[in-house]
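Open your viewer and get your selection tool ready. We will walk through a few stops together, with something to select at each one.

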Amino acid sequence: MLCGAGALLGLTAGSAQAAEVSYATHCVPPAGIDPVDGTTKVEITAPATAKVGDTVDIVWKFVQAASKNPDIIDLPADSVQPSGTLKAAGAQTADIDMQGPRKNPAIPKGGAMVLSDMKGTLKLTAPGEVTLTPDAYTVNAMSTNTVCTPTGTVQKAATIEVTAGDGGTSSASPTGPGTASPTGSPSGTGTPSASASGGDSAGTDTGGSGSGGQTDFTGKQVDIPYTCQSPIGEKKATSPIRIDAKKDGGAFGLTVRFGKSVMNSPADIPKGSVKPSMEVVLGGADKGSVHVEGPVNAEDIKSGDPIAIPDLTGTYKPGATGRSTLSPGVLTIEALGTTTTCTPDRTAVSLTLDTTQQASGASGGSGGSSATGGSASSDGGLAATGADDHGALKALGLVAGTAVLLGGAVFTFLPGRRPR
């Protein structure tokens, strides 16, 4: 009997505890939607006791979110993902990253937000009492974020009694003493970025006529920061872009390459409904722009499936003789009657060509159309760059957050990666 009692005590000493707290919260939705003040109710589950060196699992359960789904769109199933911070204090201090899966039932307009349980881990580093208190959290719905922050004092939700020990077996790899790591990686919450190379990187100029018969010219990959105006607000993103050219008589066939990107769609998209285009900016000897565009999606795209961004193509007929530069310009995405426009915060030269003015005296657009030189301009002082990058492009990061209204739902291009 004594042995049985001892075994029972051993089993219950580290058993999980759950406690519920509520706190006033201020939530800031995407641009164009009014902020919300509400009450958040959460339940935190963590071991009651543990030893120094243990890595403990913690669960944050939403009993009630502070904000509801705005009266704008119905949110489809599995389109909402929460993430947040849990504060550890007492014997050790840490900000514990918590995150839940993108898992939810369909939520109608004005309906209560149903959020998945968030999980995280904490590596215990000191003996004593460690308290756990919920803090700010973010609700990512179809690539738009609503950030909810406590407006008053939040009560502790759980306490772990930590005893000295020789180091237990960790259930996850911590990021360092006193820190915690989430159990997964968010999708669509973040925006890929890279430092813009601009025109600061000098390259080998590529030639057009008088270049010894060369016909193919590979541009330099440049990182362009964009501000995108979509039907539901403004988003910023940075994209690696490359402009290539192929000489055909006195003209050049242009290809703007974004790579074979992976874009996850949170809604069903019919074929023939999405079409991207861009205005390539001319500079140096020539002025104006060249219209390039890509084909519409050839097949239906189901919710959750990736969206591949095609190459954009067009024809450049030089309007001047000399060294002309080509730089990424305004990107436009059309879908079912709605338009998202992405304007570069700054641009950079991807390709420089030696050009000879054509009879048309204008820069050409795809499909044989032409745009008069001067319709758009680029600073001729931009540094020329050349073809020093012939490898596969990085995955597209440009249209993260670019949203298009599809009937009663919003679909958003979400960045991902897939090798060419």
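Are F62 and Y137 buried or exposed? Select both to find out: F62 is buried, and Y137 is buried as well. Before you go further, keep in mind that this is a predicted model.

**Stop 1: the aromatic rings**

Keep F62 and Y137 selected and show their side chains. The ring centres of F62 and Y137 are 5.1 Å apart and the planes meet at 65°; an angle over 60 counts as edge-to-face, so that is what this pair is.

Which residues do ring pairs join into a cluster here? They are W60, F62 and Y137. Across the whole structure there are 5 aromatic pairs. For W60 and Y137, the ring centres lie 6.2 Å apart with the planes at 70°, so this pair is edge-to-face. Colour residues 55–64 as strand β4, which holds W60, and residues 128–141 as strand β8, which holds Y137; the pair therefore ties together parts 77 residues apart in sequence. W60 and Y137 are both buried.

**Stop 2: the nonpolar cores**

Next, select I44, I58, W60, L122, L132, Y137 and I160. These residues have the most contacts inside the largest nonpolar core, which has 40 residues. To see where the core comes from, colour the elements that give it two or more residues, including β1 (16–28), β2 (36–47), β7 (118–123) and β10 (158–163). Which element gives the most to this core? It is β8, with 5 residues.

Zoom in on I44 and display what surrounds it. Beyond its neighbours within four places in sequence, I44 is in contact with residues including I58, W60, L86 and L132. Its contacts also include Q17, A18 and A19, as well as A157 and A158.

**Stop 3: a buried asparagine and an exposed glycine**

Select N69, in the loop between β4 and β5. N69 is buried, with a relative accessible area of 5%; the cut-off for buried is under 20%. Where does its side chain reach? One place is the backbone oxygen of I73, at 2.9 Å. The N69 side chain also reaches the backbone oxygen of I107, at 3.4 Å. Show the residues around N69 and, leaving out those up to four places away in sequence, you will find that it touches D74, L75, I107, P108, K109, G110, G111 and M113.

For a contrast in setting, select G90 in strand β5. G90 has 60% relative accessibility and therefore counts as exposed, for which the cut-off is over 50%. Draw a distance from the C-alpha atom of G90 to that of A126: the two are separated by 9.6 Å, while lying 36 residues apart along the chain.

**Last stop: confidence**

Finally, colour the chain by pLDDT. The average is 73, and 65% of the residues score at least 70. Select residues 1–13, where pLDDT stays under 50 and the model has 2 contacts beyond four places in sequence. Then select residues 362–420, where pLDDT is below 50 too, although this stretch has 217 contacts in the model beyond near neighbours in sequence. Where pLDDT is low, the predicted coordinates should not be read in detail.

Key. Residues numbered from 1 in each chain as written. Predicted model: local features only at pLDDT ≥ 70, side-chain atom pairs only at ≥ 80, totals over all residues. Heavy atoms only, no water. Phe/Tyr/Trp six-rings, centres within 6.5 Å; stacked < 30°, edge-to-face > 60°. Helix = DSSP H or I, 4+ residues; strand = E, 2+ residues; numbered from the N terminus. Buried < 20%, exposed > 50% of the residue type's maximum accessible area, 1.4 Å probe, protein only. Core = buried A, V, L, I, M, F, W, Y, C linked by side-chain atoms within 4.5 Å. Contact = heavy atoms within 4.5 Å. pLDDT = per-residue confidence, 0-100. Polar contact = N/O pair within 3.5 Å; in protein donor to acceptor, adjacent residues only side chain to side chain.
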